[in-house]
Amino acid sequence: MTQINWTSEVEKRKEALIKDTQDLLHIKSLLDDENAEADAPLGKGVKKALDFMLQLGEKDGFTQKNVGNLAGHLEFGEGKELLGILCHVDVVPEGDGWTSDPFGAEIRDGKIFARGALDDKGPTMAAYYAMKIVKELGLPLKKRVRMIIGTDEESNWRCVDHYFKHEEMPSLGFAPDADFPIINAEKGIADFDMVQKASLEDFAETNIEVESFVSGKRYNMVPDHAKAVILFKRNQNVVVEQFITHMKQYELEYSYQAENGKLILEVIGVSAHGMEPRNGKNAGLFLAEFLSKLSLDAKSAHYFQFVTRYFFNDSRGVNLGVAYSDDISGELTINPGKLAYSKDSGGRIGMTCRYPVTNKMEDTKEKLDELLLDEGFAIENFSDSKPHHVDEKEFLIQTLKKVYEEQTGEKAELIAIGGGTYARSLKAGVAFGPLFPGRPDIAHQKDEYMFIEDLLRATAIYAQAIYELAKTE
């Protein structure tokens, strides 16, 4: 058989690939539970993005299926076994501070800028065009090839949960939703709230009462904004001066405003993916730490001192007594992504804990429950996705290593991540690209982008990978 020049095949389709990527990026596919409808159970935006991919696939001759308006698939080929490519078209909220429209998909300096460019719409389109190339070349395959498209990856995975209750599980596959070369280990992901339970009363008159405090929208994002509304009896100007000094010390953007006897404090941090909180600046923690030093009412003092004692400047669970690491997947991390307090309902901290492959979450939770009981807090809304690990000797990994090394000329090292991809839905599933070594990981950050060169390179790698994995039984 003639040697296939995968790069050349991608180049022939470059303009169409970029245009389809931009069209998908234009769709504001944010989870919108509040405005859910019967045919759009997660909101109109994510449904529109799902429909876009299914219609594109149908136009190009793939078999398409909508599965409960939560997920769908595009398939071609014949065979008993099924190769899965697991993608998602939902995105995290855009946040503030973008240079251009977050859904404008503007091209500058060889990059395409948009929320979802890297996570995961750009890679989804790269994988789609990879399938299209293999299909259009008419290459002989022994397995069916199916792209599974989810719409709730950034939140609760209701899409794949529903999908695999009704549809076939691929025997092997990959998710183009992380880093190259190959991610064969993903940490466990436990999401939960720590809720203030202690009943506290003020026995002495206090000068400052916190009316409300809020920061962050998602467990898996470092919050880039925090706001507190404070009631004063006296010395408001002193607190404002302390606030300014405090935020300048940490080189953070801030603002303050006094109105009707209330002081409104706001802090701007730096957003990042919650799997590595050190890549961001948690606005909520910086504002909480400042508030914890003031002479507050008993309930808010209890909350802000708790937040500061256990989370400020500690994303490894050291102060909580749950620090852990292993050689396969590294350190446990904790990201407080949703912080809220009101004088009526008290406080809560919503967080994601990414724990190593050999860590038993049951043991970690037991330690937390014990500590929180003493501290007047309790865990609620607990969910746990177990760690995922695929052995290097597997056919899947050996094949992907061969493809990556042939196309890049670089060694295909195996890596572990704290993020969770759809690959963990499969017994033999790994995350494979799209972020090349040395490129900054700007997923979930403002001005998210993907290099067009990388979009094309990834498409070529995925095309060969699909062919190599599907050509044998």
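Which residues lie nearest the centre of the largest pocket? They are E153, W157, I189, N220 and R354, among the 39 residues that line this pocket. The structure is a predicted model, in which local features need pLDDT of at least 70, side-chain atom pairs count only at pLDDT 80 or more, and totals for chains, interfaces and linings use all residues. Residues are numbered from 1 along each chain as its sequence is written, and side-chain values use heavy atoms, with hydrogens and water left out.

**The largest pocket**

- The volume of the largest pocket is about 820 Å³. A pocket is an open set of points on a 1 Å grid over the protein atoms alone, with protein on both sides within 12 Å along at least five of seven lines, and its lining residues have an atom within 4 Å of a point. The volume is the space filled by probe spheres set on the points.
- Two or more lining residues come from each of β8 (178–179), β10, β19 and β23. Strands here are DSSP runs of E with at least two residues, and helices are runs of H or I with at least four, numbered from the N terminus.
- β19 gives the largest share of this lining, 4 residues.
- The lining comprises 11 nonpolar, 12 polar and 16 charged residues, where Asp, Glu, Lys and Arg count as charged, Ala, Val, Leu, Ile, Met, Phe, Trp, Tyr, Cys and Pro as nonpolar, and the others, Gly among them, as polar.

- Strands pair if DSSP finds at least two bridges between them.
- β17 (residues 333–342) pairs with β18 (residues 346–355) in the antiparallel sense over 9 bridges; Y341 has G347 in β18 as its bridge partner.

**Strand β10**

- In β10, 9 of its 9 residues are buried, that is, under 20% relative accessible area with a 1.4 Å probe and protein chains only.
- G188, A190, F192, M194 and Q196 point one way from β10, and I189, D191, D193 and V195 point the other way.
- β10 and β18 run antiparallel and are joined by 8 bridges, with V195 opposite R348 in β18.
- β10 and β19 run antiparallel and are joined by 7 bridges; the bridge partner of I189 in β19 is S385.

**The cavity**

- The structure holds 1 cavity of 30 Å³ or more, a cavity being a set of grid points where a 1.4 Å probe fits but cannot get out.
- The largest cavity has a volume of about 60 Å³, and its lining divides into 8 nonpolar, no polar and 2 charged residues.
- β24 (449–451) supplies the largest share of the cavity lining, 3 residues.

Note on methods
Buried < 20%, exposed > 50% of the residue type's maximum accessible area, 1.4 Å probe, protein only.
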